[in-house]
Amino acid sequence: MAQFIKFLTIIFVIFLIIITILNSQYIGILFIDEIYGKYPTLNKLSAFGDSFGSINTLISSFALIGVIWSVIMQKKELQLQREELRKTSEELHSQKEEFEQQNKTARYQRFDNTFFQLLNNQKEKVQDLHISFTNMHHVLISEDDKYSGRETFRSILFHQFPNSRSSTNLISSVNKGKAWKEFYSYHYASVLTLYFNGLLNLLEYISNNSIIDESDKVFYANIVRSSLSQDEQITLFLHAQIYNTDRFKDVIYKFAFFQDLKSYDILDKNLYSSYDEQAYTPLKA
């Protein structure tokens with residue numbers, strides 16, 4: 001609407017200027033014909049032309065005013081355009097931030113869904129664990145002595161071995177500093193390797209993910225740690241000293257994964273030096 005009014009104003013000013021010029025010419029012709037006769041001399045015509053100097057000045061003034069007015073209107077229009085561009089830029093920036101936030105939320109949700117799927121798979125691996133000591137060499141016990149699920153870890157750590165000349169159970173063998181690694185590898189590695197590989201992959205998925213920040217990584221790692229029983233953590237303590245040692249220690253140190261282990265007071269105190277203090281120092285999520 002403002003542009004239309006401006007356009008009409010310009011047309012009206014031009015129209016007034018044209019009418020003024022035409023009227024001046026018409027009046028001048030009549031005036032010449034009336035005053036100077038049909039055939040005026042050049043001097044008379046020159047004197048008559050000079051009499052229109054004030055009209056020319058007036059027309060020039062109107063033209064100058066029109067130019068100034070046009071410049072002012074253009075300046076205002078440019079200001080309005082700049083303001084509109086600024087608002088458009090702010091809106092686009094706001095939309096970009098909103099899109100980035102939505103994208104970040106979607107990536108967090110994908111990570112969250114994958115994490116809990118892996119955690120559930122890990123719980124299923126625990127349920128699939130089973131061990132029968134009747135199949136072990138040099139062990140003569142009943143066929144009913146079978147364990148499954150989380151009982152598998154306790155049976156591995158604390159099961160009594162009658163007729164065994166080396167030790168009464170694995171945990172006592174470890175605490176006494178005997179050669180437990182070969183014994184563990186020979187009898188239990190095939191039972192627990194799949195479980196601990198899954199646990200390692202889950203922790204590395206948290207540690208290496210670029211979607212979440214460090215505090216969230218600690219939060220998710222604490223969820224994993226809290227899902228492990230005391231026997232699972234102790235078995236992990238021993239297992240990580242034999243298999244995937246460097247990879248396990250990276251995530252154990254990063255998430256202080258054994259921060260609750262000292263309170264169990266089951267392992268010999270000298271064994272804690274197998275890991276740096278970083279493995280036992282609690283972190284804040």
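Let me start with helix α8. Its buried residues are K217, V218, Y220, A221, N222, V224 and R225. Buried means under 20% relative accessible area, exposed means over 50%, and partly exposed lies in between, with a 1.4 Å probe and protein chains only.

Some ground rules. This is a predicted model, where local features need pLDDT of at least 70 and side-chain atom pairs count only at pLDDT 80 or more, while totals for chains, interfaces and linings use all residues. Residues are numbered from 1 along each chain as its sequence is written, and side-chain values use heavy atoms, with hydrogens and water left out.

Back to α8. The helix runs over residues 214-226, 13 residues in total. From first C-alpha to last, α8 reaches 18 Å, close to the expected 18 Å. That expected span is 1.5 Å times one less than the number of residues.

Now the whole chain. There are 10 helices and 2 strands. These are DSSP runs, numbered from the N terminus: helices are H or I with at least four residues, strands are E with at least two. Along the sequence, the pattern reads α-α-α-β-β-α-α-α-α-α-α-α. The chain has 285 residues, and 31% of them count as buried. Its accessible surface comes to about 18,300 Å². Carbon and sulfur atoms hold 57% of that surface. Those areas come from the Shrake-Rupley method with a 1.4 Å probe; for residues, only the protein chains shown count as cover.

What about contacts? Take those with a separation of 6 or more: residues 24 or more positions apart account for 64% of them. A contact means heavy atoms within 4.5 Å.

Next, salt bridges. How many does the structure hold? The count is 8. The rule is a side-chain nitrogen of Lys or Arg within 4 Å of a carboxyl oxygen of Asp or Glu.

I'll take three of them. One brings us back to α8. D260 bridges to R225, with the closest N and O atoms 2.4 Å apart. This pair links distant parts of the chain: D260 sits in the segment after α10, R225 in helix α8, and they are 35 residues apart. D260 counts as partly exposed because its relative accessibility is 29%. R225 is buried, at 11%.

Then D231 and R154. Their side chains meet at 3.0 Å, N to O. D231 is in helix α9 and R154 in helix α4, so the pair ties together parts that are 77 residues apart in sequence. D231 has a relative accessible area of 8%, so it counts as buried. R154 is partly exposed, at 42%.

The third is local. E83 and R86 form a salt bridge, with the closest N and O atoms 2.3 Å apart. Both lie in helix α3, residues 53-128, and they are 3 residues apart, about one turn of the helix. E83 is partly exposed at 31%, and R86 is partly exposed at 39%. E90 joins in too: E83, R86 and E90 are linked in a network of salt bridges.

On to the rings. The count comes to 17 aromatic pairs. The rule covers rings of Phe, Tyr and Trp (its six-membered ring) with centres within 6.5 Å; planes under 30 degrees apart are stacked, over 60 edge-to-face, and the rest tilted.

Which kind is the pair F237 and Y272? Edge-to-face, with 6.1 Å centre to centre and 75° between the planes. F237 is in helix α9, residues 230-239, and Y272 is in the segment after α10, 35 residues apart. Both are buried.

There is also an aromatic cluster, made of F111, F115, F116, Y205, F219 and Y220. Y220 is one of the buried residues of α8.

K249 lies over the face of Y275, 5.4 Å from the ring centre. The test is NZ of Lys or CZ of Arg within 6 Å of the ring centre and within 35 degrees of the ring normal.

Buried or exposed? N169 is buried, at 7% relative accessibility. Q160 is partly exposed, at 46%. Q160 and L170 are 10 residues apart along the chain, with 8.7 Å between their C-alpha atoms. N169 and H159 are also 10 residues apart in sequence, and their C-alpha distance is 5.5 Å.
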